[in-house]
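User: I am new to this structure and would like a short tour. Could we go through it step by step?

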Amino acid sequence: MTTSTIDSTGGADITFRRYDAASARQIRAVVEAVYVGSYVDAIASGDPFDSVEAFMYRFDAYTSRSSFDLVVAYQGDDAVGQTWGWPLDERATTTGWWAGLLAEPEVDFTLEDGRRTFALSEIMVLRDWSGKGIAHALHDQLLLGRAEQRATLLVEPDNVSARRAYLNWGWRKVAQLRPGWDHAPLFDVLILPLPLRPLPR
């Protein structure tokens, strides 16, 4: 686990801690609590995909990857946000991340070797801490220093605020995809060239 601190999020000292797969599993309760405090409306909607149980089932699957990379934002001892992802390997082309792609935007778009693409899977901030720059800081903390050529993420088309933020941070939409998880919605596929060059906040 590594730690860094910034003082650019609404005047609060925010500490970022990085966890690999094994250490992420040890703070599973923290991850669940941040999800519950971040996705309040989605959980309340009753959509099976957004249930706490379904989310934590996916988290357990994600952390089975040795390359899993998690960053948690803390204010004091309290977790206020988190983000995670992993590099895509050759399985992503047929049975993994890219399996639900509706159409390839270019030839060989989905070819992966473990070094080409970093998948940013989740980014979330507690509702009471939103609007303070923590999501952007988490994004940068996770992606800075990644050695892959590009990053990708999935965002629901009607998630207007998140979609707008990603586009402002340099991402661009290239396709649409429906993951293989039960009850998964249709997502926009966004791509960001790496290495990351942080934009001014």
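Analyst: The conversation below covers a strand, its partners and some aromatic rings.

Analyst: This is a predicted model, in which local features need pLDDT of at least 70, side-chain atom pairs count only at pLDDT 80 or more, and totals for chains, interfaces and linings use all residues. Residues are numbered from 1 along each chain as its sequence is written, and side-chain values use heavy atoms, with hydrogens and water left out.

User: Is strand 5 mostly covered or open?

Analyst: Strand 5, residues 117-125, is mostly covered, as nine of its nine residues are buried. Buried means under 20% relative accessible area, exposed over 50%, and partly exposed in between, with a 1.4 Å probe and protein chains only. Strands here are DSSP runs of E with at least two residues, helices are runs of H or I with at least four, and both are numbered from the N terminus.

User: How many bridges join strand 4 to strand 5, and which way do they run?

Analyst: Strand 4, residues 78-87, is joined to strand 5 by seven bridges, and the two run antiparallel. Two strands pair if DSSP finds at least two bridges between them. W86 stands opposite A119 in strand 5.

User: And what about strand 6?

Analyst: Strand 6, residues 150-155, runs parallel to strand 5, with three bridges between them. There, A151 is the bridge partner of F118. From strand 5 the chain passes through helix 5, residues 134-143, to strand 6 in a right-handed β-α-β crossover. Right-handed means that, with the strands pointing away from the viewer, the path from the first strand over the helix to the second runs clockwise.

User: Changing topic, how many aromatic pairs are there?

Analyst: The count comes to 15 aromatic pairs. Rings of Phe, Tyr and Trp (its six-membered ring) pair if their centres lie within 6.5 Å; planes under 30 degrees apart count as stacked, over 60 as edge-to-face and the rest as tilted. The rings of F55 and W84 have centres 5.7 Å apart and planes at 45°, so this pair is tilted.

User: Which parts does that pair tie together?

Analyst: F55 lies in helix 4 (residues 52-62) and W84 in strand 4, so the pair links parts 29 residues apart in sequence. F55 counts as buried at 2% relative accessibility, and W84 counts as buried at 0%.

User: Where does the charged end of R58 sit?

Analyst: The charged end of R58 sits over the ring of F49, 3.9 Å from its centre. This requires NZ of Lys or CZ of Arg within 6 Å of the ring centre and within 35 degrees of the ring normal.
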